[in-house]
Amino acid sequence: MFNLLSKFQRFINKRKGTIWLLFYATNFNSLMYPCFTFSRILGIFPYKIDALNIKACKSYYILSTIITCAICICDTIIVHDININKKIKFNSISRLLERNCFYILSGSIIVITFILSGPRRHLLQTVLKLSSKLPQKSYQNLSRLIHAKDIFGFSFIIMLAIYNLKIQGSILGKITLVYIEMLVLQMDMLYMNCVCVIKACFKQINDGLVNLRELMVNSEPYTLREINDKERNTVILMELKTLKKQHMAISDTVQMLNMIFTLQLLFTIIKTFIFITFNLYFCLLRAQESDSLNNPEKEIYYNTLIANITFYITKIMLIVWSCETSKNQAMEISTTVIDISNSNNDKEIEYELELFSLQLMHRKNIFSAKGFTINAKLLTTMMGGVATYLLILIQFLLMSNSCNAKI
């Protein structure tokens, strides 16, 4: 059955002029195919893509503008109904505060996503050009993670949409909520995908340096040893200059990535922190309600809260993991350059290695968002902050004697 499915998929993709198989990428386009497809469905991918270029498409831009305006209007209406018209009422201040933060931050992410469509296209074009030098095995290894992550995340949001249909509320509010979650997820997935591709590019540079070191150490004696040494050193010198240029281009791409996604990541971190803190608090309230087990709607809502908390924690952990491992891969290049320098006795190669080392010192290749470095320390600090604010909320709950308060 799997073979039939694969043949059918090949047939469909050949009719479209592309070859794409799930978990089997051969280039940047096939690697990012699920992410680009889901983004195009949401109207946040107003580009046309081929093997070499990513170009702006006027019709897709018009569609993206219409969708963005419609969702922003819906988001504004919901915030207005919560705070001004009081059509959407909550029985606790904590729930009111959480919903306001959710829709305001989400609306900001939507607007930023639309405004930065042009710079994001330039970034994707740059990443496409960099990744064109990757071997096919790297694409295959990346596709197992990226395809599984993108498809699972999108499937979870669809499952969430089905659950939301069973909860009371307006259709407008449900559609807006699901779309917002899908859009934010796709932008986070796109960021992680770019970081993973950049990590593979850093690994390729490090592997190239390792090969050069082995060429230096494992040279075999020949009759014309001096001539062979000169030829070998010339090849090593040329390869070093090429790798140094590649590293500079990748470092520039990291800087571009930080600039384009900085506000989106900042709002995502703040939103994740607020969402996890308040929803853990709501789960504790639900657990104390005696009638929650006998009420199907409350049970569905309670299960949705738990699923959302798990999803948000998993997503922020994946973002941190991708940034941390990519940074570590970039730092590994410095160690390899030092090893090559210790194995070298040629002055020209030594000079080139010194230039490479200086370049590595000045280009830290840290993934950040408005001063916040995306690493394990940030995740630990965030989880510690969640625990602290959760304890404050619980203490406030106990002091106000509102243990039986309803969300």
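Trainee: Is Arg-99 buried or exposed in this predicted model?

Mentor: Buried means under 20% relative accessible area. Arg-99 has 9% relative accessibility, so this arginine counts as buried.

Trainee: Which side chain meets that of Arg-99 in a salt bridge?

Mentor: A salt bridge calls for a side-chain nitrogen of Lys or Arg within 4 Å of a carboxyl oxygen of Asp or Glu. Here the partner is Glu-98, with 2.8 Å from N to O. Glu-98 is itself buried, at a relative accessible area of 1%.

Trainee: Which residues make up the network of salt bridges that includes this pair?

Mentor: The network links Arg-95, Glu-98 and Arg-99.

Trainee: How many salt bridges are there by this rule?

Mentor: The count is nine.

Trainee: Take Asp-188 and Lys-315. How far apart are their closest N and O atoms?

Mentor: They are 2.9 Å apart, and the two residues form a salt bridge. Asp-188 belongs to helix H8 (residues 171–217) and Lys-315 to helix H10 (residues 296–342), so the pair ties together parts that lie 127 residues apart in sequence. Both Asp-188 and Lys-315 are buried.

Trainee: Which parts of the chain does the pair Glu-352 and Lys-244 link?

Mentor: Start with the bridge: the side chains of Glu-352 and Lys-244 meet at 2.8 Å, N to O. Glu-352 is in helix H11 (residues 347–362) and Lys-244 is in helix H9 (residues 225–288), so read this pair, too, as a link between distant parts of the chain, 108 residues apart. Glu-352 and Lys-244 are both buried.

Trainee: Which residues of H6 are buried?

Mentor: First the general idea: an α-helix has 3.6 residues a turn, so residues three or four places apart point the same way. In H6 the buried residues are Ser-117, Arg-120, Leu-123, Leu-124, Gln-125, Thr-126, Val-127, Leu-128, Leu-130 and Ser-131.

Technical notes
Residues numbered from 1 in each chain as written. Predicted model: local features only at pLDDT ≥ 70, side-chain atom pairs only at ≥ 80, totals over all residues. Heavy atoms only, no water. Buried < 20%, exposed > 50% of the residue type's maximum accessible area, 1.4 Å probe, protein only. Helix = DSSP H or I, 4+ residues; strand = E, 2+ residues; numbered from the N terminus.
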